[in-house]
Amino acid sequence: MRSYRKHWSYSAINQYLRCPLQYYFERVLRLPKPTVGSGLVLGGAIHEALAYYHSKLKRGSVVNIEQLETIFHIAWESREADQKIQYKRGESRVTQMDLGIGLLKTYLQSPPPENILDVEREITVPLVNSQGEYLETPLVTILDLITATDDGLKIHELKTSGRAYSQFETDTSLQATCYTHASWSQFAVLAEIDFVVLVKTKTPKLQKISTLRSEEDFFRLGDLVEKIERAVGNEIFYPIESPLNCANCPFRAPCREWQPQPASTTSLQLAVNGAAQC
Ligand code: SF4
């Protein structure tokens with residue numbers, strides 16, 4: 001298991017933006033999560049199987065679907081042993097595991113990635129705001145797959161999704177900005193990001209959709225994280241209720257009981273200052 005000093009990750013930034021109260025329960029109070037959504041389990045197990053596949057490809061070995069099925073099953077069962085899986089209406093363990101195997105088969109039917117440089121590469125880099133100031137807390141990223149291209153580098157981000165991605169979605173993706181920033185800081189190359197989306201339709205599909213970022217985007221990321229950091233420091237946590245956020249939230253019970261703490265004059269002033277600057 002990896003152990004980190006204090007850091008930002010894309011998922012932490014995104015969680016604060018989606019629902020600051022969920023961020024508080026998970027990352028500040030560290031409440032146990034009684035359930036995990038089936039989508040997360042499926043995505044995690046697929047990632048493990050494909051990381052194995054890419055690592056073998058990098059070493060020039062051949063992998064068959066039976067080996068990937070075994071990795072997928074082990075990954076699923078280890079998650080199942082840790083937490084209760086919450087299935088959506090119409091789903092079951094059998095349907096989701098069959099879907100996972102179908103997605104892996106679909107991936108294996110596409111041409112394998114070439115010129116693999118690294119798999120599951122962890123990169124820690126500083127964040128910089130638009131004033132050129134470094135933030136105290138660094139950004140940690142884990143890149144699924146890095147390949148060499150004629151022009152430089154390509155980062156492949158593997159996704160499982162109920163629908164295909166739009167170009168607008170990828171062009172505005174904060175995750176793509178985080179990952180391009182990491183590769184820019186580490187390798188001094190503006191990598192292209194390729195979202196490789198395994199679409200969970202009845203007949204699974206594979207979508208590849210690319211996006212690019214510029215240095216300007218990295219400063220904007222620094223500004224955004226700086227504001228979030230300030231908000232967290234000032235204990236600005238509140239619920240954002242929506243079907244998308246709450247349907248699979250493991251903290252629905254504490255959320256219903258949550259009441260904002262009366263702020264002291266000092267922290268109230270800090271919060272107001274922080275909010276005013278957000
Ligand atoms: S139930 Fe909804 S509003 Fe409450 S913490 Fe979870 S995501 Fe946020």
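User: How does the shell around the ligand divide by class in this predicted model?

Analyst: Sort the shell residues by side-chain class. In this predicted model, the shell around the ligand holds eight nonpolar, two polar and two charged residues.

User: Which residues are around the ligand?

Analyst: They are C19, L21, Q22, P239, I240, E241, N245, C246, C249, F251, R252 and C255.

User: Now the core. What is the general idea?

Analyst: In soluble globular proteins, nonpolar side chains tend to be buried together. Here the largest nonpolar core has 50 residues. Those with the most contacts inside that core are A45, I46, A49, F72, L104, I155 and Y179. Helix 3 (residues 38-58) contributes the most to this core, with seven residues.

User: What is A45 in contact with, leaving aside its neighbours within four places in sequence?

Analyst: A45 is in contact with F72, A75, W76, R79 and G100.

User: Is Y179 buried or exposed?

Analyst: Count the C-beta atoms around the residue. Y179 is buried because 24 other C-beta atoms lie within 10 Å, and the cut-off for buried is 20 or more.

User: Where does Y179 lie, and what does Y179 touch?

Analyst: Y179 lies in helix 7 (residues 174-187). Not counting residues up to four places away in sequence, Y179 touches T141, L143, I155, E157 and I193.

Definitions and conventions. Residues numbered from 1 in each chain as written. Predicted model: local features only at pLDDT ≥ 70, side-chain atom pairs only at ≥ 80, totals over all residues. Helix = DSSP H or I, 4+ residues; strand = E, 2+ residues; numbered from the N terminus. Buried ≥ 20, exposed ≤ 12 C-beta atoms within 10 Å, placed from the backbone. Contact = placed C-beta atoms within 7 Å. Core = buried A, V, L, I, M, F, W, Y, C linked by C-beta atoms within 7 Å. Near = placed C-beta within 6 Å. Nonpolar A, V, L, I, M, F, W, Y, C, P; charged D, E, K, R; others polar.
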